[in-house]
Amino acid sequence: MRYVMLILIALANALIMCGVSVQFNIFGSEMDLLLVMLILMLMFEKKVTPVLCAAIGGLAMDSLFARGLGFYTLPYVITGMIFTLIISIREPKGIWMSCLFSAAAFLVKEIVSIILCILLGYQFDILHRIVSFSLPGIPLQAVLCFAVYFIYKWLYSFAFMQPSHDPEYKLMFRRRRRRR
């Protein structure tokens with residue numbers, strides 16, 4: 001049930017991002033709901049599972065908009081792996097750290113996307129891309145993360161969303177078994 005829910009969340013975030021977020025450019029930047037999902041899930045789980053969910057969302061975006069598979073998926077996977085390492089070492093907690101990590105993850109994803117575009121041979125003005133899209137998107141990601149944080153906190157309050165490596169989850173499962 002947990003994995004079905006995670007995949008549905010990833011696909012819903014990708015579709016909302018592709019359908020709704022594109023219509024609302026704020027300061028020339030679009031908010032990245034899939035990236036916020038990735039960071040918040042990483043902070044709640046501290047495992048690689050959210051990276052796989054973001055990859056599924058990226059593949060959904062690739063199938064809808066990219067010329068080839070991996071154009072959207074690769075930046076999410078690289079960013080997710082970097083922040084999996086950072087979060088496993090640092091173990092941040094709270095809404096403010098999640099907003100900070102979400103803003104930093106947006107910057108990392110943008111840098112990876114720019115490098116990928118350069119490697120694929122796309123012609124664009126790098127400075128214009130950074131100034132008009134990447135930099136205004138950093139505070140917007142923090143605001144979006146602040147707005148969505150409590151939804152994910154509520155989702156992870158349910159037992160079926162807890163990863164099986166969580167000791168509290170294992171204790172709860174053992175208590176249920178003893179009662180029977």
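This is a predicted model: local features need pLDDT of at least 70, side-chain atom pairs count only at pLDDT 80 or more; totals for chains, interfaces and linings use all residues.

Colleague: OK. Which helix gives the largest share of the nonpolar patch?

Modeller: Helix H6, residues 126-155, with 5 residues. The patch is made up of Ile 118, Ile 126, Leu 127, Ile 130, Val 131 and Leu 135, and together they have about 510 Å² of accessible area.

Colleague: Is Leu 135 buried or partly exposed?

Modeller: Partly exposed, because its relative accessibility is 45%, and the cut-offs are under 20% for buried and over 50% for exposed.

Colleague: Switching topic: how many salt bridges are there?

Modeller: There are 2. In one, Asp 32 pairs with Lys 109, with the closest N and O atoms 3.2 Å apart. That pair links distant parts of the chain, 77 residues apart: Asp 32 sits in the loop between H1 and H2, Lys 109 in helix H5.

Colleague: Why does Asp 32 count as buried?

Modeller: Because its relative accessibility is 3%. Glu 110 counts as buried too, at 1%, and so does Lys 109, at 9%.

Colleague: What else does Asp 32 do at the start of H2?

Modeller: One of its side-chain oxygens reaches to within 3.4 Å of the backbone nitrogen of Leu 34. As for H2 itself, 12 of its 13 residues are buried. Just after H2, Lys 46 has a positive phi of about 60°.

Definitions and conventions:
Residues are numbered from 1 along each chain as its sequence is written. Side-chain values use heavy atoms; hydrogens and water are left out. Buried means under 20% relative accessible area, exposed over 50%, partly exposed in between (1.4 Å probe, protein chains only). Helices (H or I, at least four residues) and strands (E, at least two) are DSSP runs, numbered from the N terminus. A polar contact is a pair of N or O atoms within 3.5 Å; within protein, one must be able to donate a hydrogen and the other to accept it, and residues adjacent in sequence count only if both atoms are side-chain atoms. Patches are made of residues with over 30% relative accessible area and no salt bridge: like charges are joined within 9 Å, nonpolar side chains (Val, Leu, Ile, Met, Phe, Trp, Tyr) within 5 Å. Accessible areas come from the Shrake-Rupley method with a 1.4 Å probe; for residues, only the protein chains shown count as cover. A salt bridge is a side-chain nitrogen of Lys or Arg within 4 Å of a carboxyl oxygen of Asp or Glu.
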